[in-house]
Amino acid sequence: MGEPATHAAVEATARESYGRLLAYLAARAGGDLASAEDALAEAFLAALRHWPETGVPERPEAWLLTTARRRLIDAQRRGQIRIEAEDELRFAMETAASATQAEGGFPDERLGLLFICAHPAIDPAARTPLMLQTVLGVDAARIASAFLVSPQAMGQRLVRAKSKIRAAGVPFRIPGPNELGERVGFVLDAIYAAYTVDSAEDSEAALAREAIILARFLHHHLPTEPEAGGLLALLLHCEARRAARLDADGNYVPLPEQDVTRWNRTMIHEAEITLAGAAQLGRMGRFQLEAAIQSVHARRLAGGPVSWEAIALLYEALVRHTPALGARIGRALALGKARGAEVGFVALEELSVEALTNYQPYWAARAELLRELKRQPEAVVAFDRAIGLSQSAAGREFLRQRRADCLGGGSP
Amino acid sequence: MEYMLIFTESAADYAKRDNPAEMQSYWGAWGAYVNAIEQAGITVTGRGLLPPDTATTVRVRDGQRQVHDGPYAEAKEMISGFFIINVPDLDTALEWAARSPSSSYSSTEVRPVMPPMAP
């Protein structure tokens, strides 16, 4: 077999199985992610060297695991890995190898990996990148570009997190029933962050698809955690509208004005089923509420108008659950639509201004409500502020247009 | 793995030690905690410390010994005691840290203990 073919086989295996292989090795190296990664990287290198001569093995994953296992045991002998029960490692490895041969598969332990990456002892800024890198094998440079930091800075953040895992003994385990609810929250937050990072621009670095893969995985493995279903439903709703968010000329289209024929019905359908299933578990939560709000918007597909009263009520519940700024601004906007701009503006004015100085969604909401109230000079000030704080070109242009409409003319 | 649980308390917490109105609940809580952690059979060692105003700090600079009254740095929360425990992993150590009375009113830091140096 030639080298290009080997490269292709190695790449395909990495794409398919990286996270599973790593999770499997890390679970048997006492949670030591960094050592598991090193061993796996060496195994991939060995594959590139050997497979052109020997041909791609029938079960490439088994070959890689056996090779990586040898590296781990070597590292352990050299004292580079500290494992409490050394024999346990060897034993576990060997049973695993035989299981691999028998079944052609090996247990999927990526769930444990998710819980390590989003452990509360890990720097919150490192949790999402760590998850993307280890569970999905997304390369560090792409993660760095999505998070708008230099590859070196991202590299350091990841290395620091992995040394903390090793040094502090963060365990590779799935939390027990008592702590599961709390710990799942950290995992959900990290997945959500992967979706929202850089989602303002439809750049290539956007990690939306990866976030959905993670959310689907979590929901599949924790079917009784309603918030896992809530998050998946929320992400699917948002993703379903990606094509409708910009018009043919690349202009931003706000949700109520989007062309519903450009929404992805399959995704919305999956979102609705997932959310209904989660709601049946009878434990409401932030992500289920946010998904429910999106679900009300999605009813436009059936041709009816949007029930802003329903949305306002859901926001009310969301604010009571998680009084985050974004939720309170959403509530004010929904109230404005449901009961008039005056009511919405009063709700907005209740927010303390200090935290809002540089918060773009606040200024955009304020501008919109003031425009409806025909308080033109104040609206223009708010529009300018919102434009100045915008991160996306399409969003900036949209607000500029709105500001011009507010002044009663075309473009200024 | 061995971890040090480092308990910290504020000046107000320290004051409870001798305040007739509060000392009973203060010492009662610590006594129960110490008893529970000893019963678990995980302690390597552990002690409480006298308040920071009993501390003396030493520095040696250019061969000169500088001694000053008080802790190395004034902080809102000061170390009031410690345990070294031997438990399987960080999660177990965090569980014990969370049970400490100091975690409810100040904080408890959990730090892995350095493995013994090779001879």
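**Close-up views of a predicted two-chain model**

**View 1. The interface between chain A and chain B.** About 760 Å² is buried between chain A and chain B, with carbon and sulfur atoms giving 57% of this area. Buried area is the accessible area (1.4 Å probe) that two parts lose on being put together, summed over both. The model is predicted: local features need pLDDT of at least 70, side-chain atom pairs count only at pLDDT 80 or more, and totals for chains, interfaces and linings use all residues. Residues are numbered from 1 along each chain as its sequence is written, chains are lettered from A and ligands numbered from 1 in the order in which they are written, and side-chain values use heavy atoms, with hydrogens and water left out. Chain A brings 11 residues to the contact and chain B brings 8 residues, contact meaning heavy atoms within 4.5 Å. There are 2 salt bridges between chain A and chain B; a salt bridge is a side-chain nitrogen of Lys or Arg within 4 Å of a carboxyl oxygen of Asp or Glu. Between the two chains, 4 residue pairs are in polar contact, both residues at pLDDT 80 or more. On the side of chain A that touches chain B, 5 residues are nonpolar, 2 polar and 4 charged. In this grouping, Ala, Val, Leu, Ile, Met, Phe, Trp, Tyr, Cys and Pro count as nonpolar, Asp, Glu, Lys and Arg as charged, and the others, Gly among them, as polar.

**View 2. The salt bridge between A:R173 and B:D91.** The side chains of A:R173 and B:D91 meet at 2.3 Å, N to O. This pair crosses between chains, from the loop between α8 and α9 (177-196) of chain A, where A:R173 lies, to helix α3 (residues 90-99) of chain B, which holds B:D91. Helices (H or I, at least four residues) and strands (E, at least two) are DSSP runs, numbered from the N terminus. A:R173 is partly exposed, with a relative accessible area of 27%, whereas B:D91 counts as buried at 9% relative accessibility. Buried means under 20% relative accessible area, exposed over 50%, and partly exposed in between (1.4 Å probe, protein chains only).

View 3. A:D32 counts as buried, at 4% relative accessibility. Its side chain makes a polar contact with the side chain of A:S35 (2.9 Å). A polar contact is a pair of N or O atoms within 3.5 Å; within protein, one must be able to donate a hydrogen and the other to accept it, and residues adjacent in sequence count only if both atoms are side-chain atoms. A:D32 also forms a salt bridge with A:R166, the closest N and O atoms being 3.5 Å apart. A:R166 belongs to helix α8 (residues 151-168) of chain A, so the pair ties together parts that are 134 residues apart in sequence. A:R166 is partly exposed, at a relative accessible area of 33%.

View 4. A:E368 counts as buried at 15% relative accessibility, and A:R371 as partly exposed at 26%.
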